[in-house]
Structures are given as C-alpha cells and as structure tokens.
Amino acid sequence: MEGMKSAMGQIDAVLADLTSFAASRATEAQILSDTQVRISRVIRGSVKDVWRAHHEKKLMQQWLLGPDGWTMPVCDVATKVGERYRYEWENADKSQRFGFEGELLESQAPYRAVTTESMIGMEGPSVRNELTLSEHKFGTLMSLIITYPNKEMRDMILGTGMTVGMETSYVRLEKVVLKAA
C-alpha cells in the first residue's frame, strides 16, 4: 500500500511538472533570415488532435480567435491541394473585421501543410506558411515557418504583436478543444 501511495505521488508530481513546462512555453517567434520567421509552441495534445483543430471548421471556430471578444464568422477550410481557404474574424461589437485567404499547396496529414496567405483587401504578394506538427514528449511541437516576400513586410507583420494573439488562441485550443489542464 505504501508503495502504491508513493507511486501515485510521483505521477502527480510528473503531471504537475508537465503542466508547468507546457504552460511556460509560450508561442515564440524566431527570425531565421530577412524573409523567414519560425513560430513554435508545444501544444498539450496529440498530433492527430492538433491537426484536426487546425483543419476542421467547427474546431477552428472555437479556438482560432486571437484576443477575447472576437469571433470567426467565416471559416472556409481548404482540405485538398489546390483548394482555397478564407478566414474572417470580427470583434464583439462588429466594429472591426479582418481576414486572410490563400491556397493549400501541400498537405501530408497529420504532420505538414503548406499554404499561401494574403490579408483580405490588401494588395501585394502573399506569404508562404509551412505548418509542421511533430510528436513531443510533452504533446505536439507546432512549428510554423513563414516566408515573407521581403524584410520590410516581415518586420511590419511581426510588429503587430501577432504572437500574442496566437498564444491566446493556443491557450484556448488547449483548454477548450483539447481539454488540457
């Protein structure tokens, strides 16, 4: 009985450590070159579940919202290479709205997807997003390599604080969709 209590205590300690580790690993942006940035985060969930959350409309509309008070009224998901997608967000009082659209270039479910992305209503070249999901001892390592057409666009987009909104969304993903503690 004593051995069982000790083992259960160790399991509790490991789970607490796992929660602490994952919670402390916020969404990070790493500049790779003048035109590339890697966004990464460990997400507490399986690769399969994280993939589904990134590719199923009903799941995306629950978590991919950025700061509190926003909704995703348009979520047209591309499921086959060559298809186009469109995502639009709107704040609670409907005074602000923005969105992105693009094309699915490559897909190797549940590990990799490559898309183009342009902000709706903005002229200019699109960016290229390479999403990779890898098994990690604490869940799934999400890596998103974004290739911008130039350094100025890279710096302008990073200057919006996009990783803060992404982190809010990934916390929501864990709590709402993946039900991580």
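**Aromatic pairs, strands and a pocket**

The structure holds seven aromatic pairs (rings of Phe, Tyr and Trp, the latter by its six-membered ring, with centres within 6.5 Å; planes under 30 degrees apart are stacked, over 60 edge-to-face, the rest tilted). This is a predicted model, where local features need pLDDT of at least 70 and side-chain atom pairs pLDDT 80 or more, while totals for chains, interfaces and linings use all residues. Residues are numbered from 1 along each chain as its sequence is written, and side-chain values use heavy atoms, with hydrogens and water left out.

**The rings**

- Take W70 and F98: their ring centres are 5.7 Å apart and their planes sit at 70 degrees, so this pair is edge-to-face.
- That pair ties together distant parts of the chain, with W70 in strand 3 and F98 in strand 5, 28 residues apart.
- W70 is buried at a relative accessible area of 17%, whereas F98 is partly exposed at 32% (buried is under 20%, exposed over 50%, partly exposed in between, using a 1.4 Å probe and protein chains only).
- Ring pairs also join W70, Y85, Y87, W89, F98 and F100 into a cluster.

**The strands**

- Strand 3 (residues 70-76) runs antiparallel to strand 4, with five bridges between them (strands are DSSP E runs of at least two residues, numbered from the N terminus; two of them pair if DSSP finds at least two bridges).
- W70 has N91 as its bridge partner in strand 4.
- On to strand 5 (residues 97-108): strand 4 pairs with it in the antiparallel sense too, over seven bridges, and Y85 stands opposite G102 there.
- The hairpin of strands 4 and 5 has five residues between the strands, and K94 takes a positive phi near 60 degrees.
- Strand 4 (residues 84-91) is mostly covered, with six of its eight residues buried.

**The pocket**

- The largest pocket has a volume of about 1300 Å³ (the space filled by probe spheres set on grid points, which are joined across faces, edges and corners).
- A pocket here is an open set of points on a 1 Å grid over the protein atoms alone, where a 1.4 Å probe fits, with protein on both sides within 12 Å along at least five of seven lines; lining residues have an atom within 4 Å of a point.
- Its lining counts 45 residues, and W89, F100, E117, N129 and M162 lie nearest the centre.
- Strand 6 (residues 112-119) gives the largest share of that lining, six residues.
- By type, the lining splits into 31 nonpolar, twelve polar and two charged residues (Ala, Val, Leu, Ile, Met, Phe, Trp, Tyr, Cys and Pro are nonpolar, Asp, Glu, Lys and Arg charged, and the others, Gly among them, polar).

Note on methods
Helices (H or I, at least four residues) and strands (E, at least two) are DSSP runs, numbered from the N terminus.
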